[in-house]
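I opened the model today to look up a few helices, the packing inside and one annotated stretch. My notes follow the order in which I checked things.

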Amino acid sequence: MKLRTSSSCLHSVIVATAMGIGLYAAFSMPVHAAGMDDDQIRVRLAQFSSAGSRYPETLAFLGEVESPTAQLLRAKSMIGTGRTAEAVPLLQQLTRGDRHRGQAWLLLAQAGMVGRADVDIDDALRNAERLGHGETREQARFYLAESLRTHAQPDRAGQVLATMEPGYWAAIGYQNIAADYAQLDGSPSRSLVALRVALALLAEDDDAERARALKSELFLQAGYLAYRAEDFAKAESFLREVSLDSYNTPQALYFHGLALAGRQNFREAMQSWHRAKKYSLALPGVADAWLGMGQGYDELGYLGQAGEAFLAANAAFESERVTLKSLIEQVQQQGAWLAMAQAARATDLEWFLADSQSLAQPRRAYLLRFAETGGGQQVINRVATLFSLSNELDSRYEDLQIFRQAVQQRLNDLPSESYLDDQRVQADPRIAGLVDALKTIGPSASGDQRRQLEGLAQTLADLRFAYQHLPEQQPMARRRLRELDGKLASMSEAIEALKRQVAGIQRQAEQALDQQMVAFLESEGERIEFAQDRAEQHLAYLYEHLALRNLNQGDRE
């Protein structure tokens, strides 16, 4: 019976214990400093953000973490956010350390290549090659080969590339050398050999996505070189290997049609051009494919159908000019970021599957073309980074407001000292009675039960201690909550100031993007207008030819 009596007290004990621990935790829970494990987590999160080029987020994760890896990520993020001058001393310090020396030398060399750091580029690249491993070493060798190639030494550049491991960087190196050989030689033999080597090296790259994209470029380049040398059969075989979901697909289809036409196979050539017509006129080769359809009918002697094909091309070009004017108006009204980048992202369709007359497809295609222009990708990335930073600041501000509301609510709900003292007075005799009951039960309990009862007695003693100190903890808890509320208010004001600064820089970046985008779209309009003029010239030639033929027939009659 005594044991059952003690069991009936357990619920009261647990409730009292929970109340005591909960109140005690609210007023006196210590704040522990972040240990080494927290630093490692921060570095891992920063590495993930850096891999996605989210450099402001990377810097936020790193905070004040100090380690060689953190320093490398911090320097890389500073370069990515335009703070190269601040990154250079960090990288120089890493080059004198024990870790990441190769990567630091490579980043210094890359900063020097774009004129953002005063550094001996070749020396930095040689150090990166000597001290780096894996991708770092291969990039360094690639840039060393590029330095030789751009100084008209393709053969020496090839010797450097020959020392590289198979993969992406070696393949790009041989692709560039192939382009140099194509300019220097009358025959495409050396260029094609270099491209075959590039394809063989690319087959061993670990990144399947980038390898697939580069593979299409290599086959397109090889097909064009073979076509230019009038080796039409070889050109066909190369161009057939270009992926159908590649950015280079329409241009490959156009050159494939030219290779077939070179063998007088105009019907199959027109099939390739017809497939290329389904892509956006923004992409290379599509406008030529529209014109090629009329030329194909002309070569086959179907002058009426040739005229219809040129009329269709003329209508397509006119429609595209209207589309470009519409895009320019949207950029001027909404800004290039919303009108082009965000709107292109909103569709779930891939641009190469979308209907050629829908606005979603040309929008994305022109955005891709713009990214290829000098500085296009950089200005887009700048605006994207600022938008991301603005959204991050908004999110942090909202989080602070929610946290501050919770702190203020806790402060309002904080019990008074008199109330806590009354609770202590009421709880003390109850706890003492429970302790006495446990002492009475203890002698008659078994070994395991006795240990459990001793544990309960110790818990009650701790609870009694907590209750006795609650009133004196209350002023300290109130003071800490008020200090925390003040800090949160200061942080909110700081974030608001940062938001205003970012908004100003963001407006400037958007204006630069708007100006460049409008200029690009206007130049594209001129390109389409020129293609339309060609279609009209072909039509005029056909009409003149038909008129002369009709006159000749009339004279014979």
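The entries below record what I looked up.

**Ground rules.** I am working from a predicted model, in which local features need pLDDT of at least 70 and side-chain atom pairs count only at pLDDT 80 or more, while totals for chains, interfaces and linings use all residues. I number residues from 1 along each chain as its sequence is written, and side-chain values use heavy atoms, with hydrogens and water left out.

**Threonine 58.** I found threonine 58 in helix α3, residues 55-62; helices here are DSSP runs of H or I, at least four residues, numbered from the N terminus. Is threonine 58 buried or exposed? It counts as buried because its relative accessibility is 0%, where buried means under 20% relative accessible area, exposed over 50% and partly exposed in between, with a 1.4 Å probe and protein chains only. A polar atom of its side chain lies 2.9 Å from the backbone oxygen of arginine 54. Leaving aside neighbours within four places in sequence, I list Ala46, Ser49, Ser50, Leu73 and Ser77 as contacts of threonine 58, contact meaning heavy atoms within 4.5 Å.

**Helix α9.** In α9 (residues 154-161) I noted Pro154, Ala157, Gly158, Val160 and Leu161 as buried. Seen down the axis, these buried residues fall within an arc of 155°, so they line one face of the helix; the arc is taken from the directions from the helix axis to the C-beta atoms. Their cover includes α8 (135-150) and α10 (168-184).

**Cores.** I then looked at nonpolar cores, sets of buried Ala, Val, Leu, Ile, Met, Phe, Trp, Tyr and Cys residues joined through side-chain atoms within 4.5 Å. The largest has 129 residues, and Leu91, Trp273, Phe317, Tyr366, Met517 and Leu521 touch the most other members. Helix α22 (residues 447-556) gives the most to this core, with 15 residues. Not counting residues up to four places away in sequence, leucine 521 touches Leu324, Leu327, Ile328, Val331 and Tyr366. A second, separate core has six residues, among them Val43, Leu62, Ala70 and Leu73.

**Glutamine 377.** I placed glutamine 377 in helix α20, residues 376-413. It is partly exposed, at a relative accessible area of 48%. Its C-alpha atom is separated by 9.6 Å from that of leucine 367, 10 residues apart along the chain.

Conventions
Helices (H or I, at least four residues) and strands (E, at least two) are DSSP runs, numbered from the N terminus. A polar contact is a pair of N or O atoms within 3.5 Å; within protein, one must be able to donate a hydrogen and the other to accept it, and residues adjacent in sequence count only if both atoms are side-chain atoms.
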